[in-house]
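Below are some notes on strand pairing and helix packing in this model. Please read them alongside the coordinates.

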Amino acid sequence: MKPTNNILRHSASLANKVFIQRDYSEGTTCKFQTKFPIELESRIERTLFEDTVKTLNNFYAEAEKIGGQSYLEGCLACTTAYLIFLCIETRYEKVLKKIANYIQEQNEKIYAPRGLVITDPIERGMRVIEISIYEDRGSCGSSSGSSSVSGSTAR
Amino acid sequence: MHLGVSESMRECEYSQISTRSSTPMETPYKKKTPKRRKWESFPGRNKFYCDGRIMMAKQTGVFYLTLVLILVTCGLFFTNDCRFLAENLTPAIPVIGGALFLFVLGTLLRTSFSDPGVLPRATADEAADLERQIDVANGSTGYRPPPRTKEVVINGQTVKLKYCFTCKIFRPPRASHCSLCDNCVERFDHHCPWVGNCVGRRNYRFFYMFILSLSFLTIFIFAFVITNIILRSHKNGFLDALKDSPASVLEVVVCFFSVWSIVGLSGFHTYLISSNQTTNEDIKGSWSSKRGKDNHNPYSHGNIFTNCCAALCGPLPPSLIDRRGFIQSDAPQLAPPTNGITTYGATQSQQSHMCDQDQCIQSTKFVLQAATTPLLQQQSSEPVILTASPENVAPLPARTSLSLAGPCTSLPLGQPTPPTSTPSLSCHEATDMLPIHGHGHTHNHSHPYQEPVAHHHYLTPEEVPSPPGMLPCGSPLGHSHTMQAGFYNPASQDSLHEDSVRGLVKLSSV
């Protein structure tokens with residue numbers, strides 16, 4: 001995540017940020033809206049974007065799933081007066097690491113070549129997925145439409 | 001790519017030498033400041049200990065009372081009664097008592113010291129994006145209606161999400177803003193002074209375990225202290241028994257009064273858990289059928305067992321506020337530089353002490369020069385406003401004084417004090433208020449969102465101002481205040497005005 005950010009920052013300037021909000025239709029479980037934002041229409045294919053968001057939603061659902069493993073973890077923690085969490089990682093934390101790796105991979109392979117960077121939602125309090133849209137500094141002052149061509153050809 | 005950065009840095013170095021330059025105020029060299037952890041600049045009213053590992057509410061007096069009560073009562077029980085009971089009944093009594101005591105203490109400390117599920121406040125860009133969306137929804141009239149709600153349908157039930165003016169977010173369902181801690185907390189249950197913390201999503205199970213185990217412990221001690229007295233009075237008589245173990249009286253009294261409240265509380269929370277409600281929702285009657293025929297709790301899993309398991313054995317979400325992380329000073333922000341006057345959320349200001357002193361001296365010179373000539377206030381206020389909210393204001397002042405009356409009066413949009421007919425008066429008010437949050441305070445805090453927050457504060461008069469930048473301050477504004485006093489006539493000395501403007505620009509970013 002960091003290296004991609006630095007590369008983009010030095011050669012491009014931040015033009016805009018798009019925020020994907022949470023989808024609360026199924027309760028308080030972490031889920032993001034898959035609605036495709038207008039600002040990204042010229043930057044990335046709809047299917048790629050939706051795939052990313054759906055995969056993230058699946059990760060979060062897996063982290064928050066209430067089932068056998070979470071019960072076991074909860075009961076074990078209770079019996080040890082929750083001291084066990086000093087030694088082992090909770091399931092949620094393990095999934096968050098997987099999510100961080102996934103986002104970095106997506107940034108490197110798909111989003112950075114298009115001049116976009118996804119910020120991990122955990123850094124924004126799990127409220128939004130922040131997508132930063134970068135412009136090429138070479139075409140500074142021009143509109144986003146023209147620089148998107150150079151962005152995609154850089155891939 | 002990398003060259004681009006160093007080139008701009010070299011530009012700034014040259015700006016230090018020329019006295020009449022209007023180049024950006026970015027720092028020419030980075031001074032190595034010790035890295036600060038995020039908890040040190042946490043905006044809420046919490047106290048942190050052990051370098052951010054422990055998080056509590058501001059008022060912790062009652063928590064210490066709880067601790068003292070538990071320790072003293074249990075201490076007396078173990079030293080006073082246990083020996084007799086272990087000898088005459090069974091040694092299992094102190095063992096069970098000890099285990100219960102340790103469990104109670106562990107859960108209490110866990111409840112009190114952990115993050116209840118605080119939602120971090122919105123970044124400047126997020127807040128701006130939300131404001132834009134709300135503007136579009138409202139039709140962008142000048143006046144913003146105070147209540148901002150969003151409706152969502154959760155499992156067939158319509159739920160209203162409220163906008164939090166302090167945190168600049170739409171609160172997720174079941175979240176609430178704690179006025180004592182000044183934070184939005186996820187799945188907010190209540191603020192408990194006895195544990196010295198809010199009870200929310202992340203520490204509710206510890207809280208429940210605490211009150212449950214405490215009720216068992218209280219009943220346990222109560223029962224066995226009574227047993228102790230009865231056994232002793234069989235041997236020696238009642239009065240002698242009381243004389244032999246005087247502490248028992250104290251223990252009985254404490255336990256008697258505690259048992260009612262604690263057992264009652266445990267019962268209440270058992271009911272809440274089994275119906276998957278929070279104290280907040282129960283008190284407000286959010287899901288009561290009295291509100292509507294179809295009103296039901298959309299979060300309930302249907303049966304009591306699943307609800308209990310979900311609340312107590314569900315996955316423990318991580319803390320969202322990252323207390324022990326280091327503050328990143330190089331986060332890019334969207335606020336476009338208007339003639340380079342903007343400061344990137346005051347993070348760069350942390351590194352600018354040395355060269356600022358030179359600029360301060362020069363700026364003060366310009367300011368004092370300008371102060372000796374009659375000056376139009378409006379002109380002086382203009383650059384100050386720019387540092388406060390760069391994205392909203394037109395670029396640097398025009399030459400003529402009259403044209404400035406326009407942007408100045410339009411600035412206090414939605415302020416509680418409407419612009420009066422005399423432009424100079426309203427600008428006086430604006431100058432009074434805006435520099436206060438434009439200046440020194442942006443540099444004392446490393447909140448990137450301080451500046452737009454400061455601007456929007458005036459649009460919501462009912463909100464308690466949390467950023468301390470709102471408070472009037474003395475020092476660097478002394479210069480600008482002396483200038484404002486009574487200078488109402490428009491002046492036409494453009495070059496001096498330019499100098500004073502530049503001086504104020506530099507002064508304001510010190």
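1. Within E5(B), Leu161(B) is the bridge partner of Lys150(B). The strands concerned, E4 (residues 149-154) and E5 (residues 157-164) of chain B, run antiparallel and are joined by 6 bridges. Strands (E, at least two residues) and helices (H or I, at least four) are DSSP runs, numbered from the N terminus, and two strands pair if DSSP finds at least two bridges between them.

2. This is a predicted model, with local features requiring pLDDT of at least 70, side-chain atom pairs pLDDT 80 or more, and totals for chains, interfaces and linings using all residues. Residues are numbered from 1 along each chain as its sequence is written, chains are lettered from A and ligands numbered from 1 in the order in which they are written, and side-chain values use heavy atoms, without hydrogens and water.

3. The hairpin of E4(B) and E5(B) has 2 residues between the strands, and Asn155(B) in the turn has a positive phi of about 50 degrees.

4. E5(B) is also joined by 2 bridges to the antiparallel strand E6 (residues 169-170) of chain B, where Ile169(B) stands opposite Cys164(B). This hairpin has 4 residues between its strands, and Lys168(B) takes a positive phi near 60 degrees.

5. In chain A, the axes of helices H2 (residues 46-63) and H4 (residues 91-111) come within 9 Å and cross at roughly 170 degrees. Axes are lines fitted to C-alpha atoms, for helices over the stretch in contact, with angles from 0 to 180 degrees between N-to-C directions. H2(A) and H4(A) are therefore roughly antiparallel (angles over 145 degrees).

Note on methods. Parallel < 35°, antiparallel > 145°, perpendicular 65-115°, else oblique.
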